[in-house]
Amino acid sequence: MDSLEEEQLDALRKAFNSFDTEGQGSITGETVGIILRMMGIKISEKNLQEVIAETDEDGSGLLEFEEFAELAAKFLMEEDEEALKKELKEAFRFYDKECNGYIDNSKLREILQELDPRLTEDDLDAIIEEVDSDGSGTLDFDEFMEMMTG
């Protein structure tokens, strides 16, 4: 739940409260599924039951707000990671103009200098040596993603 921003927590609280119509402080697993689907999260019934079982600490079959927020946070983080990966793929394609599936180290050097003009030649050499893990002289998408996400 710590990974959620205040805005996300507020949205989850509103959704939770709107379904906790009797003010019991908990919602059913079925209701959790409805809320997740309303948030645009696709989940099978089987997977939903599994994550509810993992999150339902007291085994009541009902989720209190903290449990619900913890469960929702997992899905929200996965969505953020997917969005980041998509953005990085677009950036990689931009630099891989010939569509070779890689960026050569001289192009990478240019990119890094654009990002931080203060980098020295030694800095650039060290970065390239570190990110070109297979020593191929090129950076494939996996190496690019590792470099960008650290």
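How many positive and how many negative side chains does the protein have, and how far apart do the centres of the two sets lie? Let me start there, everyone. There are 14 positive side chains and 43 negative ones, and the centres of the two sets lie 7 Å apart. Please keep in mind throughout that this is a predicted model.

Now, the overall layout. The protein has seven helices and four strands. If you walk from the N terminus, the order of elements is α-β-α-α-β-α-β-α-α-β-α. The globule rule gives 15 Å for 150 residues, and the radius of gyration here is 22 Å, well over that, so the protein is more spread out than a compact globule. You can also see this layout as a box: along the principal axes, the C-alpha atoms fill roughly 65 × 30 × 25 Å.

A few totals, for those of you who like them. Of the 150 residues, 34% are buried. The accessible surface comes to about 9800 Å², and carbon and sulfur atoms account for 48% of that. As for contacts with a separation of 6 or more, 52% of them join residues 24 or more positions apart.

Let's go inside. In soluble globular proteins, nonpolar side chains tend to be buried together. In this model, the largest nonpolar core has 23 residues, and L12, V32, F68 and L71 are those with the most contacts inside it. Which helices each supply at least two residues of this core? They are α1, residues 6-19, α2, residues 29-38, α3, residues 45-55, and α4, residues 65-95. Helix α4 gives the most, with eight residues.

Next, two residues I'd like to look at together, I128 and M147. I128 is found in helix α6, which covers residues 121-131, while M147 is in helix α7, residues 141-149. Is I128 buried or exposed? I128 has a relative accessible area of 8%, so I128 is buried. M147 is at 19% relative accessibility, and because the cut-off for buried is under 20%, M147 counts as buried too.

For M147, the contacts are L108, L112, V131 and L139. M147 and I128 themselves are 19 residues apart in sequence, with their C-alpha atoms 9.6 Å apart in space. I128 also has T138 at 9.3 Å, C-alpha to C-alpha, and that pair is ten residues apart in sequence.

Where is C99 found? C99 sits in the loop between α4 and β3, the strand at 102-104. C99 is not a glycine, although its phi is positive, at about 55 degrees. With a relative accessible area of 66%, C99 is exposed.

Key
Residues are numbered from 1 along each chain as its sequence is written. This is a predicted model: local features need pLDDT of at least 70, side-chain atom pairs count only at pLDDT 80 or more; totals for chains, interfaces and linings use all residues. Side-chain values use heavy atoms; hydrogens and water are left out. The radius of gyration is taken over C-alpha atoms; the globule rule is 2.2 Å times the number of residues to the power 0.38. Buried means under 20% relative accessible area, exposed over 50%, partly exposed in between (1.4 Å probe, protein chains only). Contact means heavy atoms within 4.5 Å. Accessible areas come from the Shrake-Rupley method with a 1.4 Å probe; for residues, only the protein chains shown count as cover. Lys and Arg count as positive and Asp and Glu as negative; His and the chain ends are not counted. The place of a charge is taken as NZ of Lys, CZ of Arg, CG of Asp or CD of Glu. A nonpolar core is a set of buried Ala, Val, Leu, Ile, Met, Phe, Trp, Tyr and Cys residues joined through side-chain atoms within 4.5 Å. Lists of a residue's contacts leave out its neighbours within four places in sequence.
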